[in-house]
Amino acid sequence: PSLWVTHSVSSSTKGAVRWYQVNVSTATPSIKQSGTFAPDTANNRWMGSIAVDKVGNAAVGYSASGTTLYPALRYAGRTAAATAGTFDQGEQTLIAGTGAQKGGYSRWGDYSDLALDPSDGCTFWFTGEYYSMTGNAWRTRIGSFKLPTCV
C-alpha cells in the first residue's frame, strides 16, 4: 500500500506541484517515488490534490495562472507504467479562467479536491476555484476525467 501526497513548492521562480508516493507497507515508511510537476516556466501551479485509480494510474488537479493565463483549473496524469517521478499524460485544462481576482480576497483554493469515483474506480472528480470575469466573485467548477489505461 501507498500514501500519495502533494504540496506547493517554488520551481524556477514559479509555483509548482510537488508530489510523493510513500510506501507504507513496512514499519518504516519510505518514499517510493516523487516529482515536481512544472511543465513550463511561464505559469504557476498550486493547490494540488492527487488521487490514484484502481489500476495504479495517478492524477493531480491544481490551480494554474501566469502573466498571460487567467486563474484556471488544470490536471495531469501518469500511467502506472510511467517512468518513476514523471507524469506521462501531460497537462489538460478542466476550465479556462476568463478573469482575475481583484479586491479584498487573500485566500484561494479552500474548496479544491481531486477524488476517485468509487462506483468505477477509474473516474477522477476534480473541483476548484477559477474566475469567469475580473472582480471578487470566484466560481467553483466540478469536472471529471479518466486516464486512458483504466477500463
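Reader: Taking buried to mean under 20% relative accessible area, exposed over 50% and partly exposed in between, with a 1.4 Å probe and protein chains only, what does aspartate 120 count as?

Author: Aspartate 120 has a relative accessibility of 26%, so it counts as partly exposed. This is a predicted model, in which local features need pLDDT of at least 70 and side-chain atom pairs count only at pLDDT 80 or more, while totals for chains, interfaces and linings use all residues. Residues are numbered from 1 along each chain as its sequence is written, and side-chain values use heavy atoms, with hydrogens and water left out.

Reader: With which residue does aspartate 120 form a salt bridge?

Author: The partner of aspartate 120 is lysine 146, and the closest N and O atoms are 3.6 Å apart; a salt bridge here is a side-chain nitrogen of Lys or Arg within 4 Å of a carboxyl oxygen of Asp or Glu. The pair links distant parts of the chain, since aspartate 120 sits in the loop between β8 and β9 and lysine 146 in strand β10, 26 residues apart. Strands, like helices, are DSSP runs numbered from the N terminus (E, at least two residues, for strands; H or I, at least four, for helices).

Reader: How many salt bridges are there in the whole structure, and which residues are linked in a network?

Author: The search of the whole structure finds four salt bridges, and the network links Asp40, Arg45, Arg74 and Glu91. Within it, arginine 45 and aspartate 40 meet through their side chains at 2.8 Å, N to O, and glutamate 91 does likewise with arginine 74 at 2.9 Å.

Reader: Arginine 45, buried or exposed? And what about the others in the network?

Author: Arginine 45 counts as buried because its relative accessibility is 0%, whereas aspartate 40, at 26%, counts as partly exposed. In the other pair, arginine 74 is buried with a relative accessible area of 13%, and glutamate 91 is partly exposed with 25%.

Reader: Changing topic: which cysteines form a disulfide?

Author: Cysteine 122 and cysteine 150 form it, with their sulfur atoms 1.9 Å apart, where a disulfide is taken as a pair of cysteine sulfur atoms within 2.5 Å. The structure holds one disulfide. Cysteine 122 lies in the loop between β8 (113-116) and β9 (123-130) and cysteine 150 in the segment after β10 (139-146), so the pair ties together parts that are 28 residues apart in sequence.

Reader: Which residues have a positive phi although they are not glycine?

Author: Most residues other than glycine have a negative phi. Threonine 13, however, has a positive phi of about 70°; it is found in the loop between β1 (2-11) and β2 and counts as exposed at 72% relative accessibility. Methionine 47 has a positive phi near 60°; it lies in strand β4 (residues 43-52) and counts as partly exposed at 28% relative accessibility.

Reader: Last one: where is glycine 66, and what does it touch?

Author: Glycine 66 is placed in strand β5 (residues 58-66) and, residues up to four places away in sequence not being counted, touches Ala42 and Asn43. Glycine 66 and alanine 42 are 24 residues apart in sequence and 6.2 Å apart in space, C-alpha to C-alpha.

Technical notes
Contact = heavy atoms within 4.5 Å.
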